[in-house]
Each structure stands twice: as C-alpha cells, then as structure tokens.
Amino acid sequence: MVVLLAALSHAAAAAESRHAMVVAEGDLAARAGLEIIERGGNAVDAAAAVSLALGVTNSGSCGIGGGGFMLIYWAKTGKLYGLDYRERAPAAASATMYIRDGKPAEELARTGPLAVAVPGEIAGLDAALRRFGTMRFSEVAAPAIKLARSGFPLSPHMARDISLTAPAIAHDPGFRAVFFNAGGSPLKAGDTVYDRNLAVLMQRLGDEPVESFYHGEVAAEIAAYMKDRGGLLTAQDLAGYTPVWRDPIHLAHHNYDVYSMPPPSSGGVVLEILGMFGPSHMEGLGVDSPPYLAQLIELMRQGFVDRDRYADPAFVTVPIAWLLSAAHLAQARADALHHQNGLAPTAAAHDHGTSNFAIVDKAGNVVDVTTTINTIFGAQIMVPALGLILNNEMDDFSVAPGVPNAFKLIGAKTNEIAPGKRPLSSMSPLIALRHGRPAFVAGGSGGPTIITGVLQVTLDSLDFDLDPERAVAEPRIHHQAAPDMVFVESSMPTPTTNELRRMGYNIRLVPELGAVNAIRIAPGDLRGAFDHRKGGGAVGD
Ligand code: DON
C-alpha cells in the first residue's frame, strides 16, 4: 500500500511503502516504473521504463538523444555496479573546434549541430537490461510509447522549459509540432502533449534497439540529418558507441559505506567533500548553523578545486584512490579551511535540465540513474521525423582554456575535447550501505548543484538523521570555487544568511538550487522523497 505524504510542512513530496519504491522527477514516469515492477520486472527493467518515460514527459531534460550514469546495487551478489553511457565526442571533434578567428565561440558548443555529442542512452539501457533485466526492450518501452502516442498533461516544469526556450525552438519544425499549439503559442501546464514521432521511433527500436539506433535505419537518418545541418556526428560515430561498466568508487563514512560513480562522473567530488568532514568534525553543529555552513562552503570549494583533475579516464589518469585517501582528505581539509583566492565573481546558471530517479524493487535491488541532454532541450534541435531531441553535451568539455561553460565551470586541460572522449559530468548518483545492506540512495539534477545538492541531502540524512523529505526540503547552499560566491536559497533563514555575510562570504540569494531525490531504505520500510523544487512523483507498493 502507498502512503502519500505530499502535504508535509516542508513542502517536499514523499511516499512510504513496504516492498518497492520509485522516485522520479515526473509522476507519470515514476508510475511507469512501478507498473513494470507490478508486472514482475525488477529495478533494472523499471529503470529502463522510467528513463524512456522521462524522455517523453521531461524531454526538456533527458531522453534518447542524451546519456547518463546508472548505479546498481544487486541484492543477489551484494555488489554495486556502475554503468557509464555518457555521450562521446564525434571522431571529427578537436580541442580547437570552437575557436573562430582565434577566439572561443562557446555558443557553438551550446546550441546547434556542432554542440551534439554521440548519444549513449539507448546503448546504456540495452546493456543494463541484457546484464540484469528480465524483460524485453519493447516491454519496458511500452509505457513510454503509450504516453507519447496517447498524450500526457504537460507538467509545470516542462511548460517552463518550453516558455524559456520558445524564442529559439519555435523556429524548429520538430519542436513546433510537439510543443506549440496551432496558433504557434507554447503549450501551457496541463495542456495535452502528443509526441507521435517519438512514439514511432521507440516502437521501431523493437527488441534490438542498439542495432536499429546505432547501426540501422535510425542511425542513417540521424547521420543524414546531422550532415545536412553541418554537424560532426556520423553513422560511424553511432556505430562505434559503447557504454562502459565501471567499478563504483567507495568511501567509509561513519557506519556507512557510500558508493558513487567514478569519472567521468563527479561522484568522487561528492565523496571527497563527505570524507573531508571526517567522523567528528560536525559534533555539536546544527543542520543550518552558520559554523556548519561555513565548513561546508570551504570544503565545497576544495572539492571543486580538486574536480579539475577529473575527466574521461580513457584519456586522463584521475588519481581517485589518492583523492579519497585518508592522507589527502586530511590535507585537503586543512587547505580548505585556510583558503585564499581572488577569483572574479560571475553568476552561476542552474537551469534544471537533467533528470534523476531512484528505484528499490521487491528483491531489494536498488537502481539510481541520472541522465541528461544537458541544458534545456539540449542543442535545441530535433530530428523531426524521429521526434529525437539532440543533446548539447559538448559544452561539458572545456571549450577553451579559461572559458566558462553554461554552468560557469571553468574547464581544465584534463577535460579538453578529443575524438571519442566523454565530457566530465557533474551527475553523481549515490548509494549508501549499512552493515552491507542498502540504507540510502540519492541523486539529482542541476549542473554543478548536483554535486552540492546530493552532498547536502546525504549529510542531512546520514549525519543529521533527517527523514528524506526533510533532507530534500532543507534550504541548500552551493559553492563551486569559481565564481567566489556562495549561492544560498532564499528559503534559508535570514539570520543565518546574515551571519554568513558577517563572516565575509559573498552571498547571492537564489530561488532554488537544483533538484534531489532520496530514498531511505530499511527492511519493510521504504521512505522516498522527490524535490518540490522541480516536481515529480514518489510511488510504492
Ligand atoms: O553532465 C553534466 O554535468 C551536465 N550535462 C548536467 C546538466 C544539468 O544538470 C542541467 N541542469 N541544470
């Protein structure tokens, strides 16, 4: 039985259940996952269904034209598995591809055909299903196909995505057909959206989706469209795409074993900041207390400084074991608490693209997925006949030395563009075990605020012992080293913000910082929360 706890004072939406739970940034997508579990599927089957459904209902954030990371706890082996189906740079990409007349033209990495990296979503879902799933692709795609074909009510979040990008996407025939009414106005929240070409595409993928999408007719159609528009992505790039199984990374934190994705994810940054706190550094500090928040700010800064070492491990050696070693954590903490820097302030951008969801099934398997097409509607181009929205993940590379990306992250050389390389990501799904059994799962969306959001919800849950809905609803802060500015949600109590100002921090109040989902897991007692900041669904049985 599901107990909905949607009207809690902290305005987070949560659910309690005994056997299974799906929490997603979309109610219909969460229900698609639960439907698969109720038909006998496991958490991986459900994850494929939720991913595909989110690609319909939250297509401003994620979909088949993007890619992501899947973290799996598999009850039968008691082990964790990480699947990287991040996009890759096309073979024709290069470190200087966005330089025009000697200057970086970073807008080319954000919108239009040159921004598109090779999508990994379908290859990832297929790999996960083949290794751990019990259902065929067509079975897990069925709920998504139904939503796209029969229509679904537009969520307030998606309506905002459409209106924010309307000046750009209204000129694209594919977007116009799906997201605008006959008079050319953007659809509004509650309007019914039909995405029939996307329904047909998912149907065409059948039970051999990789064959069709990466090698067959669909691949040829994508490549032809890209060629026509002056993009780099070719049929060979699609044919060469492979997802990668990666061993999750680990940190012992109090009585928990915390796991996340290795590079090119930023899971290591979350674990490093968590590790810098150490077991006793928070004693006597309250969840919103200024001394705690001041430590958090300094440790976030150090985490983002060390993030410059991160990139695709096939191209760069990322010293993860050293970064998470006790010696480095102690030194990094000491450095962090005596920092000096003079970085110039600029505004950070948090546009709420990307989507996270978490699933616990009846066998105790746990899946945590973060998937994205990067910023809202990705490259803002759609292959119209396929209903396929293409990512702009190339902007997650360092476009040129010192040039900030859409999230004001200033790229390091480690993350420069190279053919076939995966861009560094902030997506950081996290699963914590206690005494060898899953106890907590969290993940989020919102560019670099994913790192700090997942971190804070984890600290609030594991260290401050808050319920998931309270942990998710707590006001959050964000600091990413550059700009030298602390973003604070306006829901933070004013005396706290004033105290941080008095301590000398350069505070910028913002309405909200990213979105985080969380589930607390105990035998027969699952409690999940999605983030009211973005909306979503938490359903269980
Ligand atoms: O992988 C990354 O870090 C980005 N592409 C995530 C983008 C994102 O979360 C968009 N929302 N603000």
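Predicted model: local features only at pLDDT ≥ 70, side-chain atom pairs only at ≥ 80, totals over all residues.
Colleague: Let's start with the ligand. How many residues surround it, and which are the closest?

Modeller: 16 residues surround the ligand, and the closest are T354, E393, D396, S426 and G447.

Colleague: What kinds of residues make up that shell, by class?

Modeller: The shell has three nonpolar, nine polar and four charged residues.

Colleague: Which atom of T354 lies 2.5 Å from an oxygen atom of the ligand?

Modeller: That's a polar atom of the T354 side chain. With G447, a polar backbone atom is 2.6 Å from a ligand oxygen. G446 also uses its backbone: an N or O atom there lies 3.1 Å from an oxygen atom of the ligand.

Colleague: And how much of the ligand's accessible area does the protein cover?

Modeller: On its own the ligand has 340 Å² of accessible area, and the protein covers 99% of that.

Colleague: OK, helices now. How far does helix 1 reach from its first C-alpha to its last?

Modeller: Helix 1 runs over residues 27-38, which is 12 residues, and it reaches 16 Å. That's close to the 16 Å expected at 1.5 Å a residue.

Colleague: Which residues of helix 1 are buried?

Modeller: A29, A30, A32, G33, L34, I36 and I37 are buried.

Colleague: You mentioned helix 2. How many of its residues are buried?

Modeller: 15 of the 15, so helix 2 is largely enclosed by the rest of the structure.

Colleague: What about the span of helix 2: how far apart are its end C-alpha atoms?

Modeller: They are 20 Å apart, which agrees with the 21 Å that 15 residues should span at 1.5 Å a residue. At the start of helix 2, a side-chain oxygen of N42 also reaches to within 2.9 Å of the backbone nitrogen of V44.

Colleague: Changing topic: where are the cis peptide bonds you flagged?

Modeller: One runs from P263 to P264, with omega near 15 degrees. Another joins A482 and P483, where omega is about 5 degrees.

Colleague: Which loops hold P264 and P483?

Modeller: P264 lies in the loop between strand 12 (256-260) and helix 11 (267-277). P483 lies in the loop between strand 19 (477-478) and strand 20 (486-489).

Colleague: Where are they, and are they buried or exposed?

Modeller: D101 is found in the loop between strand 6 (99-100) and strand 7 (103-104), and it is exposed, with a relative accessible area of 79%. D465 is in the loop between helix 15 (449-463) and helix 16 (468-473). At 65% relative accessibility, D465 counts as exposed.

Colleague: Why do residues three places apart in a helix point the same way?

Modeller: An α-helix has 3.6 residues a turn, so residues three or four places apart point the same way.

Colleague: Last one: where is M70, and what is it in contact with?

Modeller: M70 is found in strand 4 (residues 67-74), and at 0% relative accessibility it counts as buried. Leaving aside neighbours within four places in sequence, M70 has contacts including A47, Y81, L125, M261 and V369. The C-alpha atoms of M70 and T370 are separated by 6.7 Å, though the two are 300 residues apart along the chain.

Key
Residues numbered from 1 in each chain as written. Heavy atoms only, no water. Helix = DSSP H or I, 4+ residues; strand = E, 2+ residues; numbered from the N terminus. Expected span 1.5 Å × (residues − 1). Buried < 20%, exposed > 50% of the residue type's maximum accessible area, 1.4 Å probe, protein only. Near = heavy atom within 4 Å. Polar contact = N/O pair within 3.5 Å; in protein donor to acceptor, adjacent residues only side chain to side chain. Areas by Shrake-Rupley, 256 points an atom, 1.4 Å probe, with all protein chains shown as cover. Nonpolar A, V, L, I, M, F, W, Y, C, P; charged D, E, K, R; others polar. Contact = heavy atoms within 4.5 Å.
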